[in-house]
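The following questions and answers concern the contact between two chains and the spaces in and around them. Please consult the sequence and the structure while reading.

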Amino acid sequence: MSDPILRVEHVSKNYGDVVALKDVSFVLSRGEYVGLIGPNGAGKSTLLKILLGIESVTSGVFSYASGVSVGYVPQHYDLSAASVLSVREVLHMSCGSGVDLSHILSHVGLSESFLSLNYHSLSGGQKQRVLIARALAHSPDLLFFDEPLSGVDYQTKLQIYDLLRDINLSHGHTILFVSHEIEKIVSRSDRVLCLNESLYEGCHPLSFARGHKDTCTSVGSVSIVGPAIHHHEHV
Amino acid sequence: MFDFFSLQFVQYSLIAGLAIAIAGAVLGNFIVAARQSFISEVLAHTALSGVGLGVLLNFFPTFVAGIVSVFVAGLLWFLVRGSSRTPESVGMVLLTGGLALALLFAHIARDNSISFDSFLFGSVLTLSFLEVVLTVLVSVCVLLVLFCFWSRFLLVVFDPVYARTRFSSSVFFEFLFLFLVSLVVSFSLKVIGGLLIGALFVIPTLCAQNFARSFRASVVWSVLFAVSGVFLGVLSSYFLDVPASSGIVLSLILMFVFSSVFSFFLRSNKSLS
């Protein structure tokens with residue numbers, strides 16, 4: 001694996017007695033597009049929050065390559081409270097006034113005329129594109145997406161998945177994409193990480209999603225566990 | 001009318017009132033859009049306990065109110081951060097606690113010469129020169145800080161989680177925002193009154209949102225509404241002999257009603273055409 005941008009080593013996270021993450025280790029290389037899948041409650045969002053500095057780890061360490069800046073497109077984020085914000089103001093949240101915002105918008109397939117529109121008046125897909133543009137606005141090396149396309153229609157979803165792959169290939173942004181949509185992620189990713197408290201290796205993502213993990217090996221943990229749905233009871 | 005403007009107490013009340021109107025309206029846009037309208041009320045009511053203490057100690061109540069208000073802002077921030085408690089519920093504890101303490105201090109100091117009522121309901125026409133200077137100074141400083149870090153405050157107020165992922169200093173800016181609100185609140189006490197402050201923060205923004213399509217436009221509109229409200233309030237106080245605070249709040253509410261009706265017809269016409 002060449003030129004690591006993020007190294008996660010034996011990260012665990014407990015909330016009281018509840019295990020959210022157990023001994024998770026992986027490395028992201030510069031320019032990779034990596035999918036992160038797992039059932040609800042598997043710890044995907046917790047892992048991202050830890051990597052973004054919103055949550056602390058219980059044990060383990062993670063480190064970014066020096067000088068790496070990180071962008072983030074959140075899950076279920078709705079700026080509905082900000083009904084008066086223009087698209088320009090949403091983008092300015094993330095970068096200084098010297099940035100060419102129309103250029104940033106063009107990356108996500110929106111024209112300059114969107115800058116003066118009210119963010120609240122946009123469609124779901126357009127809002128999501130603006131939030132992706134906001135994450136891109138400060139030229140991050142590494143982008144985290146936390147299931148950002150829930151509530152977006154099927155056609156728009158496909159377009160945005162393709163758009164992100166294009167951004168990854170043409171601009172070299174490293175992407176870690178959390179999603180439930182296994183087929184869409186698998187077909188566009190360089191590799192897929194399967195998470196259910198621990199990370200699993202050697203899984204076929206589809207069989208992992210269906211709970212058939214008997215062929216999977218838990219990375220960094222000695223236990224090989226049964227179907228995902230019963231995982232907590234087995235541990 | 002010329003005589004009206006040449007009166008010193010009218011000049012004082014207009015200068016201080018307009019300064020607070022501008023600072024309050026600008027902050028109000030952040031507060032309303034972030035759905036935190038209760039914050040100005042919490043800080044105002046708890047600042048009243050500072051006034052009560054100031055009256056009791058016979059020491060510049062606005063200054064003591066400022067200290068208490070900043071302390072409460074910090075306490076609110078600390079109690080809510082990383083907790084499952086909602087800001088409204090914690091705010092309610094602080095609000096009622098503040099009022100209870102204010103009542104207690106005012107009762108103990110009931111024979112004192114400083115009027116507690118003037119901070120409860122405002123007394124813009126009785127401001128001293130020092131109070132006017134300090135009010136203008138605080139308003140200008142608050143506006144300068146806001147404008148210098150405009151984008152940062154926008155991010156911290158509208159999207160605090162994203163802000164924390166983007167800037168390590170976001171937690172500091174979260175507190176700084178509360179600090180600015182508490183400063184303006186404590187210097188608004190004598191202008192409009194602790195029980196009516198929310199109007200000066202919230203109503204101009206609601207009026208502005210009837211027309212504005214961007215945050216910047218909303219800020220400009222809200223300042224115009226707030227300044228008009230204070231001006232009409234002081235004017236009505238002098239010519240109609242009504243309490244200035246009542247005049248200010250009722251003018252603002254009238255403006256809200258008219259701007260809402262006007263905006264409704266404007267939107268109806270647009271959708272018809």
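A polar contact is a pair of N or O atoms within 3.5 Å; within protein, one of the two must be able to donate a hydrogen and the other to accept it, and residues adjacent in sequence count only if both atoms are side-chain atoms. The model discussed here is predicted.

Q: How many residue pairs are in polar contact between chain B and chain A?
A: In this predicted model, a pair is counted here when both residues are at pLDDT 80 or more. Under that condition, the count between chain B and chain A is four residue pairs.

Q: Which element gives the most residues to the side of chain B that touches chain A?
A: The elements of chain B that give two or more residues to this side are helix H8 (150-158), helix H9 (160-166) and helix H12 (215-240). With five residues, the one that gives the most is H9(B).

Q: How much area do chain B and chain A bury between them?
A: The size of an interface is often given as the accessible area lost when the parts come together. Here 57% of the buried area is on carbon and sulfur atoms. The area that chain B and chain A bury between them is about 1800 Å².

Q: Which three residues supply more of the area that chain B buries against chain A than any other three?
A: The contact takes 18 residues from chain B and 21 residues from chain A. Of the area that chain B buries against chain A, 31% comes from three residues: Tyr162(B), Thr165(B) and Arg213(B).

Q: Which side chains meet in a salt bridge, with 2.9 Å from N to O?
A: Across the interface of chain B and chain A, the rule finds one salt bridge. A salt bridge needs a side-chain nitrogen of Lys or Arg within 4 Å of a carboxyl oxygen of Asp or Glu. The side chains that meet at 2.9 Å are those of Asp159(B) and Arg134(A).

Q: Which helix gives the most to the lining of the second largest pocket?
A: About 310 Å³ of space lies in this pocket. Its lining includes Asn118(A) as well as Arg213(B), Ser263(B) and Lys270(B), and divides into three nonpolar, four polar and three charged residues. With four residues, the helix that gives the most is H13 (residues 244-272) of chain B.

Q: How much space lies in the largest cavity?
A: The count comes to one cavity of 30 Å³ or more. Among the residues that line the largest cavity are Phe60(B), Glu131(B) and Lys190(B), and helix H7 (129-148) and helix H10 (170-192) of chain B each give two or more residues to the lining. The space in the largest cavity is about 50 Å³.

Methods. Residues numbered from 1 in each chain as written. Chains lettered and ligands numbered in written order. Predicted model: local features only at pLDDT ≥ 70, side-chain atom pairs only at ≥ 80, totals over all residues. Heavy atoms only, no water. Contact = heavy atoms within 4.5 Å. Buried area = accessible area lost by both parts, 1.4 Å probe. 1 Å grid on protein atoms, 1.4 Å probe; cavity = no way out; pocket = protein on both sides within 12 Å on 5 of 7 lines; lining within 4 Å. Points joined across faces, edges and corners; volume = space filled by probe spheres on them. Nonpolar A, V, L, I, M, F, W, Y, C, P; charged D, E, K, R; others polar.
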